[in-house]
Amino acid sequence: MSRWDADVAVVGLGAWGAMALWQLASRGVEVIGFERHHPGHALGSSYGGSRMFRVTCLEHPGLVPLARRSQDLWRQLEDESGRRLFFPTGGLLIGPEEGVIVGGTLRAARAHGIEVHTLTPVELRERFPRHTGVPGHHRAVWEPSAGVIRSEESIAPRPPLPPGRAPGCSPAAACGPCGPSPGAWNCGPPSASTGSVEW
Ligand SMILES: Cc1cc2nc3c(=O)[nH]c(=O)nc-3n(C[C@H](O)[C@H](O)[C@H](O)COP(=O)(O)OP(=O)(O)OC[C@H]3O[C@@H](n4cnc5c(N)ncnc54)[C@H](O)[C@@H]3O)c2cc1C
(Lines give C-alpha, C1' and ligand atoms only; values in the text may rest on other atoms or scores of the structure.)
Protein backbone atom coordinates (compact mmCIF):
# COMPACT_ATOMS: atom_id res chain seq x y z
CA MET A 1 0.00 0.00 0.00
CA SER A 2 1.10 3.55 -0.54
CA ARG A 3 2.09 5.36 2.61
CA TRP A 4 -1.09 7.35 3.03
CA ASP A 5 -3.60 4.77 1.75
CA ALA A 6 -5.40 2.87 4.47
CA ASP A 7 -8.84 1.44 5.13
CA VAL A 8 -8.79 2.35 8.81
CA ALA A 9 -7.15 5.15 10.77
CA VAL A 10 -6.49 4.73 14.49
CA VAL A 11 -6.02 8.00 16.35
CA GLY A 12 -4.01 7.69 19.56
CA LEU A 13 -1.48 4.89 20.06
CA GLY A 14 -1.73 4.14 23.75
CA ALA A 15 -2.62 0.61 24.85
CA TRP A 16 -6.03 0.67 23.21
CA GLY A 17 -4.95 2.20 19.93
CA ALA A 18 -1.83 0.05 19.61
CA MET A 19 -3.80 -3.13 20.20
CA ALA A 20 -6.46 -2.04 17.70
CA LEU A 21 -3.68 -1.41 15.21
CA TRP A 22 -2.21 -4.87 15.85
CA GLN A 23 -5.53 -6.69 15.57
CA LEU A 24 -6.56 -4.87 12.41
CA ALA A 25 -3.16 -5.46 10.81
CA SER A 26 -3.31 -9.15 11.83
CA ARG A 27 -6.58 -9.45 9.93
CA GLY A 28 -4.99 -8.03 6.82
CA VAL A 29 -6.63 -4.63 7.13
CA GLU A 30 -4.57 -1.73 5.84
CA VAL A 31 -4.40 0.55 8.82
CA ILE A 32 -2.65 3.76 9.72
CA GLY A 33 -2.12 5.04 13.25
CA PHE A 34 -1.68 8.61 14.43
CA GLU A 35 -0.01 9.58 17.68
CA ARG A 36 0.44 13.18 18.74
CA HIS A 37 3.66 12.39 20.62
CA HIS A 38 5.27 9.03 19.78
CA PRO A 39 4.23 5.49 20.71
CA GLY A 40 5.41 4.69 24.22
CA HIS A 41 5.61 8.29 25.45
CA ALA A 42 5.30 9.21 29.13
CA LEU A 43 2.28 11.52 28.89
CA GLY A 44 -0.56 8.99 28.50
CA SER A 45 -2.35 6.47 30.68
CA SER A 46 -0.38 3.53 29.32
CA TYR A 47 2.99 4.92 30.41
CA GLY A 48 5.22 2.88 32.69
CA GLY A 49 6.54 -0.58 33.22
CA SER A 50 3.63 -2.43 34.71
CA ARG A 51 -0.14 -2.77 35.00
CA MET A 52 -2.08 -5.28 37.06
CA PHE A 53 -4.06 -7.84 35.06
CA ARG A 54 -7.02 -9.71 36.59
CA VAL A 55 -9.91 -11.71 35.19
CA THR A 56 -12.09 -11.10 38.28
CA CYS A 57 -13.44 -7.78 36.99
CA LEU A 58 -14.72 -6.07 40.11
CA GLU A 59 -16.65 -3.52 38.08
CA HIS A 60 -19.11 -6.13 36.75
CA PRO A 61 -19.08 -9.95 36.38
CA GLY A 62 -20.21 -9.50 32.77
CA LEU A 63 -16.72 -8.23 31.93
CA VAL A 64 -15.05 -11.54 32.85
CA PRO A 65 -15.44 -13.16 29.41
CA LEU A 66 -13.81 -10.09 27.86
CA ALA A 67 -10.93 -10.31 30.32
CA ARG A 68 -10.44 -14.00 29.52
CA ARG A 69 -10.38 -13.24 25.80
CA SER A 70 -7.90 -10.47 26.53
CA GLN A 71 -5.72 -12.97 28.41
CA ASP A 72 -5.67 -15.19 25.30
CA LEU A 73 -4.67 -12.21 23.19
CA TRP A 74 -1.81 -11.26 25.55
CA ARG A 75 -0.46 -14.81 25.13
CA GLN A 76 -0.86 -14.49 21.36
CA LEU A 77 0.98 -11.18 21.38
CA GLU A 78 3.80 -12.76 23.37
CA ASP A 79 4.02 -15.65 20.87
CA GLU A 80 3.99 -13.40 17.84
CA SER A 81 6.42 -10.85 19.22
CA GLY A 82 8.76 -13.23 21.01
CA ARG A 83 8.60 -10.91 24.02
CA ARG A 84 7.46 -11.68 27.51
CA LEU A 85 4.67 -9.25 28.33
CA PHE A 86 2.61 -11.05 31.01
CA PHE A 87 4.01 -12.28 34.33
CA PRO A 88 1.59 -14.56 36.22
CA THR A 89 2.52 -13.39 39.70
CA GLY A 90 -0.97 -13.71 41.20
CA GLY A 91 -2.72 -10.62 42.52
CA LEU A 92 -3.95 -9.31 45.84
CA LEU A 93 -6.83 -6.90 46.47
CA ILE A 94 -7.64 -5.59 49.93
CA GLY A 95 -10.66 -3.72 51.25
CA PRO A 96 -13.89 -3.87 53.25
CA GLU A 97 -15.58 -7.25 52.79
CA GLU A 98 -18.71 -5.77 51.24
CA GLY A 99 -16.91 -2.90 49.51
CA VAL A 100 -16.51 -2.24 45.81
CA ILE A 101 -13.09 -3.85 45.52
CA VAL A 102 -13.36 -7.05 47.54
CA GLY A 103 -17.15 -7.43 47.16
CA GLY A 104 -17.00 -6.87 43.40
CA THR A 105 -14.04 -9.22 42.97
CA LEU A 106 -15.76 -12.02 44.91
CA ARG A 107 -18.99 -11.50 42.95
CA ALA A 108 -17.14 -11.89 39.64
CA ALA A 109 -15.19 -14.91 40.91
CA ARG A 110 -18.34 -16.71 42.11
CA ALA A 111 -20.26 -15.98 38.93
CA HIS A 112 -17.55 -17.50 36.75
CA GLY A 113 -15.95 -20.13 39.01
CA ILE A 114 -12.59 -18.33 39.18
CA GLU A 115 -10.20 -19.60 41.85
CA VAL A 116 -9.66 -16.97 44.55
CA HIS A 117 -8.66 -17.20 48.22
CA THR A 118 -10.13 -14.88 50.85
CA LEU A 119 -7.82 -13.97 53.73
CA THR A 120 -8.57 -12.31 57.05
CA PRO A 121 -6.15 -9.56 58.16
CA VAL A 122 -4.33 -12.11 60.38
CA GLU A 123 -3.98 -14.63 57.54
CA LEU A 124 -2.89 -11.82 55.25
CA ARG A 125 -0.11 -10.75 57.61
CA GLU A 126 1.11 -14.35 57.94
CA ARG A 127 1.30 -14.85 54.20
CA PHE A 128 2.32 -11.33 53.13
CA PRO A 129 4.13 -9.83 56.16
CA ARG A 130 4.36 -6.35 54.64
CA HIS A 131 0.59 -5.98 55.01
CA THR A 132 0.33 -5.14 58.68
CA GLY A 133 -2.29 -2.91 60.25
CA VAL A 134 -5.12 -3.85 57.90
CA PRO A 135 -8.44 -3.10 59.69
CA GLY A 136 -10.30 -6.09 61.10
CA HIS A 137 -13.34 -5.66 58.85
CA HIS A 138 -11.20 -5.78 55.72
CA ARG A 139 -10.50 -8.88 53.67
CA ALA A 140 -7.88 -9.70 51.10
CA VAL A 141 -8.60 -11.63 47.94
CA TRP A 142 -5.72 -13.56 46.39
CA GLU A 143 -6.26 -14.35 42.72
CA PRO A 144 -3.66 -16.86 41.46
CA SER A 145 -4.43 -16.21 37.78
CA ALA A 146 -3.72 -12.47 38.05
CA GLY A 147 -0.43 -10.97 37.03
CA VAL A 148 1.57 -8.07 35.73
CA ILE A 149 1.44 -6.72 32.19
CA ARG A 150 4.42 -4.85 30.76
CA SER A 151 2.31 -2.00 29.48
CA GLU A 152 4.80 0.31 27.81
CA GLU A 153 6.85 -2.56 26.42
CA SER A 154 3.75 -3.91 24.69
CA ILE A 155 3.28 -0.61 22.86
CA ALA A 156 6.83 0.45 22.19
CA PRO A 157 9.26 -2.44 22.54
CA ARG A 158 12.85 -1.62 23.30
CA PRO A 159 15.44 -2.64 20.70
CA PRO A 160 16.60 -5.06 19.44
CA LEU A 161 13.58 -5.61 17.24
CA PRO A 162 13.04 -8.19 14.52
CA PRO A 163 13.99 -7.01 11.02
CA GLY A 164 11.47 -4.68 9.47
CA ARG A 165 9.89 -3.52 12.69
CA ALA A 166 10.45 0.07 13.63
CA PRO A 167 10.76 1.11 17.27
CA GLY A 168 7.59 2.49 18.70
CA CYS A 169 5.15 -0.10 17.34
CA SER A 170 2.95 -2.73 18.83
CA PRO A 171 5.32 -5.71 18.72
CA ALA A 172 3.10 -7.95 16.63
CA ALA A 173 2.55 -5.47 13.85
CA ALA A 174 5.18 -4.60 11.29
CA CYS A 175 5.16 -0.85 11.43
CA GLY A 176 7.16 2.17 10.50
CA PRO A 177 6.90 5.92 10.52
CA CYS A 178 5.40 7.21 7.31
CA GLY A 179 4.43 10.30 5.40
CA PRO A 180 5.37 13.90 6.04
CA SER A 181 3.89 13.93 9.52
CA PRO A 182 6.16 12.63 12.27
CA GLY A 183 3.04 11.36 14.07
CA ALA A 184 1.89 8.83 11.45
CA TRP A 185 2.64 5.14 11.74
CA ASN A 186 1.90 2.72 8.94
CA CYS A 187 1.28 -0.93 9.76
CA GLY A 188 0.79 -4.09 7.83
CA PRO A 189 0.29 -7.72 8.77
CA PRO A 190 3.51 -9.18 10.18
CA SER A 191 5.21 -11.61 7.84
CA ALA A 192 5.91 -14.90 9.54
CA SER A 193 9.21 -15.35 7.72
CA THR A 194 10.83 -11.94 7.90
CA GLY A 195 8.57 -9.59 9.79
CA SER A 196 8.92 -7.13 6.94
CA VAL A 197 6.17 -5.07 5.42
CA GLU A 198 5.47 -3.63 1.99
CA TRP A 199 4.35 -0.08 1.93
C1 LIG B 1 -1.28 5.38 37.22
C2 LIG B 1 -2.19 4.40 36.51
C3 LIG B 1 -2.26 3.09 36.95
C4 LIG B 1 -3.09 2.19 36.30
N5 LIG B 1 -3.11 0.89 36.72
C6 LIG B 1 -3.81 -0.01 36.02
C7 LIG B 1 -3.74 -1.39 36.34
O8 LIG B 1 -3.01 -1.78 37.25
N9 LIG B 1 -4.44 -2.27 35.60
C10 LIG B 1 -5.22 -1.86 34.53
O11 LIG B 1 -5.84 -2.72 33.87
N12 LIG B 1 -5.32 -0.56 34.20
C13 LIG B 1 -4.62 0.36 34.90
N14 LIG B 1 -4.68 1.67 34.55
C15 LIG B 1 -5.52 2.03 33.43
C16 LIG B 1 -4.84 1.76 32.09
O17 LIG B 1 -3.47 2.08 32.18
C18 LIG B 1 -5.54 2.59 31.04
O19 LIG B 1 -6.91 2.19 30.99
C20 LIG B 1 -4.95 2.41 29.65
O21 LIG B 1 -3.55 2.59 29.65
C22 LIG B 1 -5.63 3.41 28.73
O23 LIG B 1 -5.07 3.28 27.46
P24 LIG B 1 -5.55 4.26 26.32
O25 LIG B 1 -4.93 3.78 25.06
O26 LIG B 1 -7.04 4.38 26.37
O27 LIG B 1 -5.02 5.71 26.76
P28 LIG B 1 -3.55 6.35 26.60
O29 LIG B 1 -2.49 5.38 26.97
O30 LIG B 1 -3.57 7.66 27.32
O31 LIG B 1 -3.46 6.58 25.06
C32 LIG B 1 -4.14 7.61 24.38
C33 LIG B 1 -3.19 8.12 23.32
O34 LIG B 1 -3.88 9.00 22.45
C35 LIG B 1 -2.99 10.03 22.09
N36 LIG B 1 -3.81 11.13 21.58
C37 LIG B 1 -4.76 11.82 22.25
N38 LIG B 1 -5.32 12.72 21.43
C39 LIG B 1 -4.71 12.58 20.22
C40 LIG B 1 -4.87 13.24 18.97
N41 LIG B 1 -5.77 14.22 18.79
N42 LIG B 1 -4.08 12.85 17.93
C43 LIG B 1 -3.18 11.86 18.09
N44 LIG B 1 -2.99 11.21 19.27
C45 LIG B 1 -3.75 11.58 20.31
C46 LIG B 1 -2.24 10.33 23.36
O47 LIG B 1 -1.02 11.00 23.13
C48 LIG B 1 -2.04 8.91 23.92
O49 LIG B 1 -0.81 8.35 23.48
C50 LIG B 1 -3.88 2.61 35.19
C51 LIG B 1 -3.80 3.93 34.75
C52 LIG B 1 -2.96 4.82 35.39
C53 LIG B 1 -2.87 6.23 34.88
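Which residue just after α1 takes a positive phi? Gly28 does, with a phi of about 85°, where helices (H or I, at least four residues) and strands (E, at least two) are DSSP runs numbered from the N terminus. The model is predicted, and local features need pLDDT of at least 70, side-chain atom pairs count only at pLDDT 80 or more, and totals for chains, interfaces and linings use all residues. Residues are numbered from 1 along each chain as its sequence is written.

**Chain and confidence**

- The chain holds 5 helices and 10 strands, and buried residues make up 32% of its 199 residues; a residue is buried if 20 or more other C-beta atoms lie within 10 Å of its own, exposed if 12 or fewer, and partly exposed in between, with C-beta atoms placed from the backbone.
- Of the contacts in the chain with a separation of 6 or more, 63% are accounted for by residues 24 or more positions apart, a contact being a pair of residues whose C-beta atoms, placed from the backbone, lie within 7 Å.
- Mean pLDDT, the predictor's confidence in each residue from 0 to 100, is 83 for the chain, and 77% of the residues reach 70 or more.
- Over residues 178-182 pLDDT stays under 50, and the model has 9 contacts beyond four places in sequence for them; over residues 188-199 pLDDT likewise stays under 50, with 31 such contacts.

- The 12 residues of α1 should span 16 Å at 1.5 Å a residue, which agrees with the 16 Å between its end C-alpha atoms; the expected span is 1.5 Å times one less than the number of residues.
- Gly17, Ala18, Met19, Leu21, Trp22, Leu24 and Ala25 are buried in α1.
- Among the 16 residues around the ligand, Gly12, Gly14, Gly44, Ser46 and Met52 come nearest, a residue being near a molecule or strand if its C-beta atom, placed from the backbone, lies within 6 Å of it.
- At least two residues of this shell come from each of α1 (15-26) and β3 (51-53), and α1 gives the most, with 3 residues.
- The shell divides into 6 nonpolar, 7 polar and 3 charged residues, where Ala, Val, Leu, Ile, Met, Phe, Trp, Tyr, Cys and Pro count as nonpolar, Asp, Glu, Lys and Arg as charged, and the others, Gly among them, as polar.

**Helices α2 and α3**

- Helix α2 (residues 64-81) reaches 25 Å from its first C-alpha to its last, close to the 26 Å expected for its 18 residues, and is followed by Gly82, whose phi is positive, near 70°.
- Helix α3 (residues 100-112) has 13 residues and reaches 18 Å, close to the 18 Å expected; just after α3, Gly113 takes a positive phi of about 60°.
- Val102, Gly104, Thr105, Leu106, Ala108 and Ala109 are the buried residues of α3, and they pack against α2, β5 and β7 (138-143).

**Strands**

- An open sheet of 3 strands runs in the order β3-β8-β4 with antiparallel pairing, two strands being paired if DSSP finds at least two bridges between them.
- β3 and β4 (86-87) are the edge strands, each pairing on one side only.
- β4 is joined by 2 bridges to the antiparallel strand β8 (residues 147-149), and Phe87 stands opposite Val148 in β8.
- Leu92, in strand β5 (residues 91-96), counts as partly exposed because it has 17 C-beta neighbours inside 10 Å.
- Leaving aside residues up to four places away in sequence, Leu92 touches Phe128, Ala140 and Trp142, while its C-alpha atom is separated by 6.4 Å from that of Glu143, 51 residues apart along the chain.

Key:
Contact = placed C-beta atoms within 7 Å.
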